[in-house]
Amino acid sequence: MDEPNSTKIKIQEIVKDLVQLPSLPMMIAQLMDKIKDPKSSVPEVAHIIESDMAIASKLLRLANSAFYGIPNSISSINNAIVLLGFNVIRSLALSAVVVKLFPDQKQPPVFQREKFWKHAICCGLAAKILAKHIRKYKMVDSEEAFCAGLMHDIGKLVLEQFLHFEFDKAINESISTRTHLFEAEKKIIGVDHTEVSELLLKRWNFPLELLVPITCHHAPEKASISIEMTYIVHMADIICHGLGINVMDNEVAPPTSPRVMEILSLTEEKVEELGDQLNDAVKEAQDIFKILHST
Ligand SMILES: [Fe+2]
Ligand SMILES: [Fe+2]
């Protein structure tokens, strides 16, 4: 096990390597600020989104997809905000932007971007399904759950892009030793993808209630806020792995927290039922994937 000091040095070295971390476009940063402000009005938010026509048109296509249940009936950003609400709009705009922030590069042969995004979108859908289930007992926002699920492994893209060689080594290590990738990343690189996600999302001024579920998705007991949401993202990841919706062949499924069933008021039968719902939603994931990757 690493001494705390040497771990700190490694993290600092990696941060130095990550100076080129992508920035969030100004429009998204402004949008996130505006949506946080309870005094913001619909036209103000629409005005910000319309300042970037490429994002605005992708957002409209997402809002009109079958995923939101009112296909082909939303004709303007104003309309979309009124019908879907601020949180959905933030989640759609972020999704549209983040996919384009990491240009495809030479990828480790076993890490495929397409599979990465399908896993991410399905985790978002699974998190949304879980949030709807738990809403009977606790107040959780299903759209925030989608966003946290979608972004949960974002640190892997940073590792792939900026520490390509080491990440490739960590993947091979995890497959050959049958350990989970986050353990192999820690051993080979010194940090795992959740710590890298934290660096990136802090830089993007992500609200803490979204950041914690993402950075604690492999250790939900560490969450001090957004506890249910953190367990939701954790379980969404486990369900996706259970259904074979993962990034690499032969990937070792992450460990399941012993408290997840109790915290999310789940039974084995309920998990199976939610898994079936997710399987039905995979077609939607395909549509979302196509829209997010269109130009
Ligand atoms: Fe992960
Ligand atoms: Fe994952």
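Two residues are in contact if their C-beta atoms, placed from the backbone, lie within 7 Å. In this predicted model, contacts between residues at least 6 apart in sequence can be sorted by their separation along the chain, and 66% of them join residues at least 24 apart.

**Overall form**

The protein chain has 16 helices and zero strands. Its radius of gyration is 19 Å, close to the 19 Å that the globule rule gives for 295 residues, so the chain is as compact as a globular protein of that length. Along the principal axes, the C-alpha atoms fill a box of roughly 55 × 45 × 35 Å. Of the 295 residues, 42% are buried.

**Two domains**

The domain assignment divides the protein chain into domain 1 (23-100) and domain 2 (102-293). Their C-alpha centres lie 23 Å apart. Where they meet, 18 residues of domain 1 are in contact with 17 residues of domain 2. On the domain 1 side, helix H2 (26-36), H4 and H6 are the elements that give two or more residues. H6 gives the most, with eight residues. By class, this side of domain 1 has 11 nonpolar, four polar and three charged residues.

**The nonpolar core**

The largest nonpolar core has 88 residues, and those touching the most other members are Leu59, Ala93, Ala126, Ala127, Leu130, Ile232 and Ala236. Helix H7 (residues 113-134) supplies the largest share of this core, 13 residues. Domain 1 (23-100) and domain 2 (102-293) each contribute at least three residues to the core. For leucine 59, the contacts beyond four places in sequence are Ile49, Ile77, Ala80, Leu92, Ala93 and Ala96.

**Helix H5**

Two of the contacts of leucine 59, Ile77 and Ala80, are also among the buried residues of helix H5 (residues 77-84), which are Ile77, Ala80, Ile81 and Leu84. Seen down the axis of H5, these buried residues fall within an arc of 95°, so they line one face of the helix. An α-helix has 3.6 residues a turn, so residues three or four places apart point the same way. The buried residues of H5 pack against helix H3 (42-50), helix H4 (53-63) and helix H6 (86-101). Just after H5, glycine 85 takes a positive phi of about 90°.

**Two residues in their surroundings**

Cysteine 147 is placed in helix H8 (residues 142-151). Is cysteine 147 buried or exposed? A residue counts as buried if 20 or more other C-beta atoms lie within 10 Å of its own. Cysteine 147 has 27 C-beta neighbours inside 10 Å, so it is buried. Leaving out residues up to four places away in sequence, cysteine 147 touches Ser91, Leu94 and Leu210.

Lysine 169 lies in helix H10 (residues 164-177). With 17 other C-beta atoms within 10 Å, lysine 169 is partly exposed.

The table gives, for each of these residues, a partner elsewhere in the chain.

| Residue pair | Separation in sequence | C-alpha to C-alpha distance |
|---|---|---|
| Lysine 169 and glutamate 185 | 16 residues | 8.6 Å |
| Cysteine 147 and threonine 177 | 30 residues | 32 Å |

Definitions and conventions: Residues are numbered from 1 along each chain as its sequence is written. Chains are lettered from A and ligands numbered from 1 in the order in which they are written. This is a predicted model: local features need pLDDT of at least 70, side-chain atom pairs count only at pLDDT 80 or more; totals for chains, interfaces and linings use all residues. Helices (H or I, at least four residues) and strands (E, at least two) are DSSP runs, numbered from the N terminus. The radius of gyration is taken over C-alpha atoms; the globule rule is 2.2 Å times the number of residues to the power 0.38. A residue is buried if 20 or more other C-beta atoms lie within 10 Å of its own, exposed if 12 or fewer, and partly exposed in between; C-beta atoms are placed from the backbone. A nonpolar core is a set of buried Ala, Val, Leu, Ile, Met, Phe, Trp, Tyr and Cys residues joined through C-beta atoms within 7 Å. Domain bounds come from an automatic or database domain assignment. The arc is that of the directions from the helix axis to the C-beta atoms. Ala, Val, Leu, Ile, Met, Phe, Trp, Tyr, Cys and Pro count as nonpolar, Asp, Glu, Lys and Arg as charged, and the others, Gly among them, as polar.
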